[in-house]
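Subject: A structure to look at, with notes

Hello,

I am passing a structure on to you, along with some notes on what turned up in it. Please open it first and keep it beside you as you read.

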Amino acid sequence: MTSATSKHSFQAEVAQLLHLVTHSLYSNQEIFLRELISNASDACDKLRFEAINNEALYEGQPELKVFVTFDEAARTLTIRDTGIGMSRQEAIDHLGTIAKSGTREFMSRLTGDQKSDAQLIGQFGVGFYSGFIVADRITVESRRAGLPAEQGVRWISTGAGDFEVEDITRAERGTSVILHLREEAGEYLNGWKLKSVIGKYSDHISLPIVMEKEEWKDGELITPGDESGGRQPGSMVKTGEWEAVNKASALWTRAKKDISDEQYVEFYKTISHDFEPPLAWSHNRVEGSTEYTQLLYVPSKAPMDLWNRERSGGIKLYVKRVFIMDDAEALMPAYLRFVKGVIDSADLPLNVSRELLQESRDVKAIREGSTKRVLSMLEDLARQEKEGETDEAKAKFGKFYAEFGAVLKEGLGEDYANRERIAKLLRFASSTTDTVSVSLADYKARMKEGQEAIYYITADTAAAARNSPQLEIFRKKGIEVLLMSDRVDEWALSYLNEFDGTPMQSVAKGAVDLGKLQDEEEKKAAEQAAEAFKPLLEKLKAALKDKAQDVRVTTRLVDSPACLVVSDGGMSTQLARMLKQAGQPVPDSKPVLEVNAEHPLVKKLETSAQFDDLANVLFDQALLAEGGLLEDPAAYVRRVNALLA
């Protein structure tokens, strides 16, 4: 008996997505079965978790399984589970929208390149829609555990822009996904083919995946009773018995020697819904005061919401192989939020909540151990960069850093215990190289004799850093300076005062002091210039009293007339700009204007009748050179026009 049929439109842009899916967006067609079995397994895990506090949800049938059946005559393939199921509203919400991800952002990232577009699918949690690769119609029948049989639901769609929902009576809990296969997808009406695909992609699923047994049956005799007359072709016939077609043991519980690299990669793709293999993984059983198993992966591509610190984590938590939660953020620090994997604890209670996770001593131990394991993986990748036997091995750390390096820097401020290990993993561009490949250890190894600090500069862009006037004296003397243009750099470097005993020094903070790198003759000439320039400095200070904290002669400039710096310990102008853009309060502070006494423009100040205008132009140009914004652009234009005229 059915009733209450209604028609609904898909969420905006889903129809366009379905069109892409049905035109082979997935580069590997058979992946649809992995996605649907993974969804069925998740539904069973969710029931098991909810039933911890409400055993009645099992409805007297605690066995959890995934059934795969096919009907050649009807051309249907069905994936059925005995999991949590869906109510009518849940079916509308879950099957009519793209997960909980930003659909518009997803559509904006599509390129038309099937291979790259396919990789976006998993990142937006739309595995269910992969069924339309092989099916021209999908029927979903479901009933949520705990609801009466009369509150079942049927969802039907051809993937053409809308779907129908109707109430049905369904005795068993759980969900059946029925694929009405296209003509060209007939190979999935074959038991051997289905078992092969399941063995390849879903062997690790901890629940039994069962199919009906089949046995060979000879065809009928062409002439009854005449064995020599030949027979009709034989066929495989279902026996009515069920058999498990996967090993039904969680991959992470097996011994490492029994797991192939291909199985590790396929497991990663299943839990992450990523289509790219991971860069590295680590599988370990930890014993001691806290016992747990960890299988952790470093992806090869960053997710689109990587910079959303509120995003769900990538760690699945199990307790004694019972699934607990999908995004156990308490098990991994925020700066490693890109890590995917599974942690299975032998000590946590089955009814552990997010609040308990925050307070548990066992969780703290797991978090610390997992953090160290991930850093060890990254250190191995960095070692391969120098010592790897193949180009692929050598390139892995570069790939990792291009995707996740900026996030890793957050660890300098968040993880004091591992700050030194994180610092060794960081890479930067420098004034001597265009590539982001210079480690702090590399820099220190080639410091000039007498150099006492690691010099760096932060800027909004790599070009602004490279072309900053503040680098002029360093370039002249052949001193390497690290160039930092990630938004997180200014904040992160405030937590790294030194590396391996050598102080970190921003070239844009404080008076430039090259120490032993500056000979006595240069120092004496600078002092004399400053003394001779004193009257002019006083006039500049008076003219710029509303803009500059101080004005002084500098030796850091060679070709430019002036630059802006901040006092030691002060907030850089770049960080102040970032805070303003984020709507954060910024302390009221003024920069220091440093002038090059040898520059013709500065010398012209002494005899200029338009001293105030020229002084202000000098300051504004220094601000523009470092990427700053003028408070009064119109006044700047008027002054420049007056000087030009």
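How are H9 and H10 oriented to each other? Before the reply, some ground rules: this is a predicted model, in which local features need pLDDT of at least 70 and side-chain atom pairs count only at pLDDT 80 or more, while totals for chains, interfaces and linings use all residues. Residues are numbered from 1 along each chain as its sequence is written, and side-chain values use heavy atoms, with hydrogens and water left out.

**Two helix pairs**

Two packed helices are described by the angle between their axes and the distance between the axes. Helix H9 covers residues 361-387 and helix H10 covers residues 391-408; their axes lie 8 Å apart at an angle of about 135°. H9 and H10 are therefore oblique to each other. (Helices, H or I with at least four residues, and strands, E with at least two, are DSSP runs numbered from the N terminus. Axes are lines fitted to C-alpha atoms, for helices over the stretch in contact, and angles run from 0 to 180 degrees between N-to-C directions. Angles under 35 degrees count as roughly parallel, over 145 as roughly antiparallel, 65 to 115 as roughly perpendicular and the rest as oblique.) H9 passes H10 in a left-handed crossing, a term for a near helix turned anticlockwise from the far one by less than a right angle, with clockwise being right-handed.

Further along, helix H21 (residues 611-625) and helix H22 (residues 633-644) cross at roughly 125°, and their axes come within 10 Å. H21 and H22 are therefore oblique to each other as well, and their crossing is left-handed.

**Two open sheets**

E19 pairs with E20 in the antiparallel sense over two bridges, where Glu498 has Pro503 in E20 as its bridge partner. These two strands, E19 and E20, form a hairpin with two residues between them, and Asp500 in the turn has a positive phi of about 50°.

The other sheet to look at is also open and mixed, with three strands in the order E21-E23-E22. Its twist averages 25° from one strand to the next. E22 and strand E23 (residues 592-595) run antiparallel and are joined by four bridges; Cys563 has Glu594 in E23 as its bridge partner.

**A cavity**

The structure holds four cavities of 30 Å³ or more. On a 1 Å grid over the protein atoms alone, a cavity is a set of points where a 1.4 Å probe fits but cannot get out, and lining residues have an atom within 4 Å of a point. Grid points are joined across faces, edges and corners, and a volume is the space filled by probe spheres set on the points.

The second largest cavity contains about 170 Å³ of space. It is lined by 15 residues, of which Ser41, Asp42, Ile205, Ile271 and Tyr318 are the closest to its centre. H2 gives the largest share of this lining, four residues.

Best wishes

Methods. On a 1 Å grid over the protein atoms alone, a cavity is a set of points where a 1.4 Å probe fits but cannot get out, and a pocket is an open set with protein on both sides within 12 Å along at least five of seven lines; lining residues have an atom within 4 Å of a point. Two strands pair if DSSP finds at least two bridges between them.
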